[in-house]
Amino acid sequence: MEQQLNIGNTKLTPDEYLDLFRKSKALLDGHFLLTSGKHSAQYMQCAQVLQYPERAAILAEGLALAFQDQGIETVIGPAMGGILVAHEVAKALGVRALFTERENGIMRLRRGFTLSPGERVLVVEDVITTGGSVREVLAVVQEFEAIPVGVGVLVDRTGGTVDFELPQSSIIQLNIQAYEAQECPLCAQGIPAIKPGSRKV
Ligand SMILES: [Zn+2]
């Protein structure tokens with residue numbers, strides 16, 4: 001199939017990308033009680049921005065632009081978070097999209113998906129915090145003797161500490177600080193904490 005790039009002039013500035021997350025309620029500012037029991041002043045739920053297809057496309061095109069000259073043949077991401085991202089980035093690059101999923105805890109290609117030896121593959125994910133899932137996908141790509149060409153993520157929460165030893169690109173970098181309740185500056189100010197996902201948010 002002839003590769004057809006579908007990238008508009010949609011490269012935004014870092015602040016414009018952040019605004020897109022904020023107006024989608026994917027990035028919330030306030031005082032949050034996290035499932036870990038810690039508190040934070042920001043909360044990220046990437047799925048909130050991806051619910052709007054035109055915004056998902058804008059974010060994906062930003063990643064596609066970073067890798068458009070790399071001869072990417074296939075984009076692959078881990079289920080669930082990586083499925084939509086892989087699909088949208090693949091659409092922008094005019095190539096196919098695959099996803100991996102865990103079977104008995106092991107990351108695999110299922111559903112008859114396959115990669116060819118030498119195939120140039122871009123690995124994508126919605127959010128990385130430790131990079132663990134991305135590493136598992138890279139291992140799958142290598143099992144098929146395909147070539148991982150780069151890693152693209154929408155939200156890098158690693159603080160730039162994860163190195164996949166490949167070209168890496170992210171749309172936004174976010175370092176959300178979490179505090180123990182007794183050390184939380186927002187609690188000290190008497191601001192009530194909200195559980196993300198409750199109806200108030
Ligand atoms: Zn607090």
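These legends walk through an overall view and several close-ups of one predicted model.

Local features here need pLDDT of at least 70 and side-chain atom pairs count only at pLDDT 80 or more, while totals for chains, interfaces and linings use all residues of this predicted model. Residues are numbered from 1 along each chain as its sequence is written.

**View 1**
Helices (H or I, at least four residues) and strands (E, at least two) are DSSP runs, numbered from the N terminus. The C-alpha trace spans about 60 × 40 × 30 Å along its principal axes. A compact globule of 201 residues would have a radius of gyration near 17 Å, and the protein's 18 Å agrees; the radius is taken over C-alpha atoms, and the globule rule is 2.2 Å times the number of residues to the power 0.38. Of the 201 residues, 37% are buried (20 or more other C-beta atoms within 10 Å of a residue's own, with C-beta atoms placed from the backbone).

**View 1. The hairpin of β1 and β2.**
Strand β1 (residues 27–33) pairs with strand β2 (residues 39–44) in the antiparallel sense over 5 bridges; pairing requires that DSSP finds at least two bridges between two strands. Look for Phe32, whose bridge partner in β2 is Ser40. The two strands have 5 residues between them, and Gly37 in the turn has a positive phi of about 95 degrees.

**View 2. An open sheet of 3 strands.**
Here the order is β1-β2-β9, with antiparallel pairing. β1 and β9 (178–179) stand at the edges with a single partner strand each, so one side of each has no neighbour in the sheet. β2 meets β9 over 2 bridges, and Ser40 has Ala178 as its bridge partner in β9.

Helix α4 (residues 81–93) reaches 19 Å from its first C-alpha to its last, close to the 18 Å expected (1.5 Å times one less than its number of residues). Of its 13 residues, 12 are buried, among them Ile83, Leu84 and Lys91. Just after the helix, Gly94 takes a positive phi of about 70 degrees.

**View 3. Val89 in the largest nonpolar core.**
This core has 54 residues, and Val75, Ala86, Val89 and Val123 have the most contacts inside it. A nonpolar core is a set of buried Ala, Val, Leu, Ile, Met, Phe, Trp, Tyr and Cys residues joined through C-beta atoms within 7 Å. Leaving aside neighbours within four places in sequence, Val89 is in contact with residues including Ala60, Leu63, Val75, Leu122 and Gly152 (C-beta atoms, placed from the backbone, within 7 Å).

Definitions and conventions
Two residues are in contact if their C-beta atoms, placed from the backbone, lie within 7 Å.
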